[in-house]
Amino acid sequence: LFLATLTYDTLRFEYEDFPETKEPVWILGRKYSVFTEKEEILLDVTSRLWFTYRKNFPAIGGTGPTSDTGWGCMLRCGQMIFAQALVCRHLGRDWRWIKGKKQMDNYFNVLNAFIDKKDSYYSIHQIAQMGVGEGKSIGQWYGPNTVAQVLKKLATFDTWSSLAVHIAMDNTVVMEEIRRLCQSQSPCAGAAACPAPESDLLHNGFPEEAGLRSRLSLWKPLVLLIPLRLGLTEINEAYIETLKHCFMMPQSLGVIGGKPNSAHYFIGYVGEELIYLDPHTTQPAVEPTDSGCLPDESFHCQHPPCRMSIAELDPSIAVGFFCNTEEDFNDWCQQIKKLSLVRGALPMFELVERQPSHFSNPDVLNLTP
């Protein structure tokens, strides 16, 4: 407790800016009171991995850009929502980062998966180059759906995390598809490319056995991303209650979206305002020290989070959820069904047991057994 007090003392006067309201503050499925839990709110926000523009990293593709300032904000938001999934997977939702406190190896393994170099699983290099296959040239701005599709492909190579990534298209979540994906024993399920040969399984220095062990379990942890359009040019007010409920679910990974051409990672809300992490700060790229240690302070936002009115949100977003177990997924389905009964809340997407016959089958291209 003493450590936490020290860390936040300097911020206290700025933090009063957080509205003095009886309304609860929701951060990724956790409910807080501004009056009694300010430090806990700030500690929770600070513990999220914060990815911003960086400069002076190795050139993308060997000859490409060495900074993503001006074009990488949605790629960074994609990294943040995916990093939250990895934190839940390997550290748990209760894990907290405290400045100066020694962290466990798994924390550095998660952070290393996003470092700005070509061989990190989810680096800006990997996202930008994989995006070429989605029709985006390096340095081009992404939308929420593009970054979700690219992250799904990259997750195939992350044998350490062994995630099942599902992107629900056409505003429809098909439960049967998700169960098939998560219960599959094949490490390649739902992906066009299989993991690299044996020699690459130590990629990023992760132990091979961890990946093998989790591959043998009966349910692969699920990252569910749902790209949505909640209106034509601005968000339709009828969706606002439902959007708020997404941040209240324990499975919440938050939302990526923002204002036109300016992406943010939304992690919660208070009243009529969304709480978000902003990638629009350029920091120098981080290099591991000679001892192999990674200076990590610049990956945690140590000032009060940004806020904006929900009504200002661009209608094009992607909502994320993480279900570590089958029970988590079943519980999430029950909550979504209950949500359809909330008065004044228009469902943002449909939850169905089976694929409606008029849909094209997404698995045809994906070679899923």
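Angles under 35 degrees count as roughly parallel, those over 145 as roughly antiparallel, those from 65 to 115 as roughly perpendicular, and the rest as oblique. The structure is a predicted model, in which local features need pLDDT of at least 70 and side-chain atom pairs count only at pLDDT 80 or more, while totals for chains, interfaces and linings use all residues. Residues are numbered from 1 along each chain as its sequence is written, and side-chain values use heavy atoms, with hydrogens and water left out.

Helix α8 (residues 175–183) packs against helix α11 (residues 326–339) at an angle of about 165°, and their axes are 12 Å apart; the axes are lines fitted to C-alpha atoms over the stretch in contact, and angles run from 0 to 180 degrees between N-to-C directions. The two helices α8 and α11 are therefore roughly antiparallel to each other. Met 175, Ile 178, Arg 179 and Gln 183 of α8 make the contact (heavy atoms within 4.5 Å) with Glu 326, Phe 329, Asn 330, Cys 333 and Lys 337 of α11.

Turning to the loops, Asn 56 lies between β3 (53–55) and α4 (73–90), and its phi is near 65°, a positive value in a residue other than glycine. Asn 56 is exposed, with a relative accessible area of 59%, where exposed means over 50%, buried under 20% and partly exposed in between (1.4 Å probe, protein chains only). Asp 170, in the loop between β4 (164–167) and β5 (172–174), also has a positive phi, near 55°, and is exposed with a relative accessible area of 57%.

Technical notes:
Helices (H or I, at least four residues) and strands (E, at least two) are DSSP runs, numbered from the N terminus.
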